[in-house]
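Please look through the model below with the sequence beside it. The notes that go with it are meant to be read point by point.

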Amino acid sequence: MARSINVEYSVAKSEDYDSVRDFVVKHYYADEPLNTSYVYGSEPAEDDVDFSLSFLFQSMAVKATDEGRLVGVSIGSPVYPEYLADLLKAAEVAKTRKWRDNLLLLAHLQRLANVLERFRVDRCYDIEILAVHPDYRGHSIGRRLFEEQFRQGRSLGYPLASADCSSYYSARIAERVGMECVAKLAYADYRDESGVQLFRPKEPHLEVQTFAKVL
């Protein structure tokens with residue numbers, strides 16, 4: 001008989017940093033199409049991980065635990081009027097080629113979705129990372145993490161939430177929690193300045209979809 005689970009959700013604190021970082025590297029980057037399908041290597045870029053985890057200190061990370069065991073994590077980041085310009089500046093000084101290429105893709109997605117102007121707001125709570133332990137998938141933890149992030153975004157005063165879903169499965173969760181798809185980019189259509197297709201994930205991960213939801 002399967003053991004019942006009792007998952008609790010809370011905002012991650014600074015003392016959770018190491019455990020959240022280890023969890024994200026193992027259970028997010030190991031499965032995330034942008035990371036695993038990058039043509040020049042599937043190891044996560046340290047500067048990418050550092051950037052994402054920095055938002056834990058801004059109260060933008062939510063964790064799911066079962067009897068103290070970390071079983072899920074979601075991390076957000078802010079989108080603001082200068083965000084696109086800041087992404088491009090960060091790409092110029094990125095330590096690794098992989099993070100540079102990811103930043104340029106994020107900038108491209110920002111241009112496509114343009115959520116601030118589309119929804120006439122001055123900032124947005126972007127759900128950047130969603131990871132669930134393999135043993136706990138199928139229990140709607142991903143959905144609850146999205147919903148907890150909406151709640152956290154509201155508490156921090158954000159009028160809008162967004163998510164660039166690079167995985168087919170995260171996109172389905174975004175749909176189930178009532179987010180609206182506002183932009184799509186097929187991986188096959190995105191290439192660098194030399195014409196190289198940088199991200200080549202296998203089906204069903206065919207595109208990045210940007211979703212948004214008024215909070």
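The numbered points below go from the whole chain to single residues.

1. This is a predicted model, in which local features need pLDDT of at least 70 and side-chain atom pairs count only at pLDDT 80 or more, whereas totals for chains, interfaces and linings use all residues. Residues are numbered from 1 along each chain as its sequence is written, and side-chain values use heavy atoms, with hydrogens and water left out.

2. The secondary structure of the protein comes to 8 helices and 7 strands, where helices (H or I, at least four residues) and strands (E, at least two) are DSSP runs numbered from the N terminus. The radius of gyration is 17 Å, close to the 17 Å that the globule rule gives for 215 residues, so the protein is as compact as a globular protein of that length; the radius is taken over C-alpha atoms, and the rule is 2.2 Å times the number of residues to the power 0.38. Along its principal axes the C-alpha trace spans about 55 × 40 × 30 Å.

3. Of the 215 residues, 51% count as buried, a word that stands for under 20% relative accessible area, with exposed meaning over 50% and partly exposed in between (1.4 Å probe, protein chains only). The protein exposes about 10,800 Å², of which carbon and sulfur atoms supply 47%; these accessible areas come from the Shrake-Rupley method with a 1.4 Å probe. Among contacts (heavy atoms within 4.5 Å) between residues at least 6 apart in sequence, 76% join residues at least 24 apart.

4. UniProt, in an unreviewed entry, places the feature "domain: N-acetyltransferase" at residues 59-203, and such annotations may be inferred rather than shown by experiment. In the model, the end C-alpha atoms of residues 59-203 lie 34 Å apart, and the span is 39% helix and 27% strand.

5. Which residues have the most contacts inside the largest nonpolar core? In this core of 42 residues they are Val20, Val24, Ile75, Ile141, Leu145, Phe146 and Met179. The largest share of the core, 6 residues, comes from strand β4 (residues 124-132). Apart from it lies another core, of 16 residues, among them Ala45, Leu103, Cys124 and Ala183. A nonpolar core here is a set of buried Ala, Val, Leu, Ile, Met, Phe, Trp, Tyr and Cys residues joined through side-chain atoms within 4.5 Å. Ile141 touches Val7, Tyr9, Ala64, Val71, Val132 and Tyr136, not counting residues up to four places away in sequence.

6. Helix α4 (residues 83-92) has Tyr83, Leu87 and Ala91 as buried residues. They cover an arc of only 80° around the axis, which puts them on the same side of α4; the arc is that of the directions from the helix axis to the C-beta atoms. The buried residues of α4 pack against β3 (69-79) and α5 (97-113), while the face turned away from the buried side carries the exposed residues Lys89 and Glu92. Ala85, also found in helix α4, is partly exposed, with a relative accessible area of 37%. Ala85 and Glu67 are 18 residues apart in sequence and 43 Å apart in space, C-alpha to C-alpha.

7. Some backbone values deserve a check. Most residues other than glycine have a negative phi, and most peptide bonds are trans. Glu67, in the loop between β2 (61-66) and β3, has a positive phi of about 55° although it is not a glycine, and Glu67 is exposed, with a relative accessible area of 71%. Ser140, in the loop between β4 and α7 (141-155), has a positive phi of about 65° and is partly exposed at 48% relative accessible area. The peptide bond from Glu203 to Pro204 is cis, with omega near 10°; Pro204 has its place in the loop between β6 (180-186) and β7 (207-214).

8. Asp122, in the loop between α6 (115-119) and β4, counts as exposed at 54% relative accessibility. Leaving aside neighbours within four places in sequence, Asp122 is in contact with Val79, Tyr80, Pro81 and Leu116.
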